[in-house]
Amino acid sequence: MGIDERIKEKKESTVPFSKILVAADNSEYASRAFDYAAKLSRLTGARISIIHVISPPVVAEGISFAELAELQKKEGEQLLAKLKVSAEMQFGIKAEGILGKGNPSKVILTTAKDTGADLLICAELRNHVPA
């Protein structure tokens, strides 16, 4: 049985979830988590949202707080745009991008609840500055 037949068969069965939220950063682990989430979305027909959370910036020498915050925002927007294109081109699905700010674990959990996600896929938790 080919992948298309398996997808059709899976869509016709009862699926335990309909909305996937996947957390993303620029790590290899998050990339794998995204691929897994996108494959699940394709197999099940579940909607998928990608969240990237910007942690509060720390002071860096030679760059202002505002400049660092703007750089983080741009990098986050670029990552989400890249993953949305990948979702469509590589997996044939549409994905929503969400850019959050604050403590990553708190923002991810709040967003999962607010969006009605019934499956949350995350990779490794990185060290971050507590909010």
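Biologist: What makes the span of helix α2 close to the expected one?

Modeller: Helix α2, residues 28-44, has 17 residues and reaches 24 Å from its first C-alpha to its last, close to the 24 Å expected at 1.5 Å a residue. The expected span is 1.5 Å times one less than the number of residues. A helix here is a DSSP run of H or I with at least four residues, and a strand is a run of E with at least two, both numbered from the N terminus. This is a predicted model, in which local features need pLDDT of at least 70, side-chain atom pairs count only at pLDDT 80 or more, and totals for chains, interfaces and linings use all residues. Residues are numbered from 1 along each chain, and side-chain values use heavy atoms, without hydrogens and water.

Biologist: Which residues of α2 are called buried?

Modeller: Ala30, Ala33, Phe34, Ala37, Ala38, Leu40, Ser41 and Thr44 are buried (under 20% relative accessible area; exposed is over 50%, partly exposed in between, with a 1.4 Å probe and protein chains only). They lie on the same side of α2 because they cover an arc of only 160° around the axis, taken from the directions from the helix axis to the C-beta atoms. The face turned away from this buried side carries the exposed Glu28, Arg32 and Tyr36.

Biologist: How do you know that the buried residues of α4 share a side?

Modeller: In α4, Pro104, Val107, Ile108, Thr111 and Ala112 are buried. Their arc around the axis is only 135°, which puts them on the same side of α4. On the other side, Lys106, Leu109, Lys113 and Asp114 are exposed.
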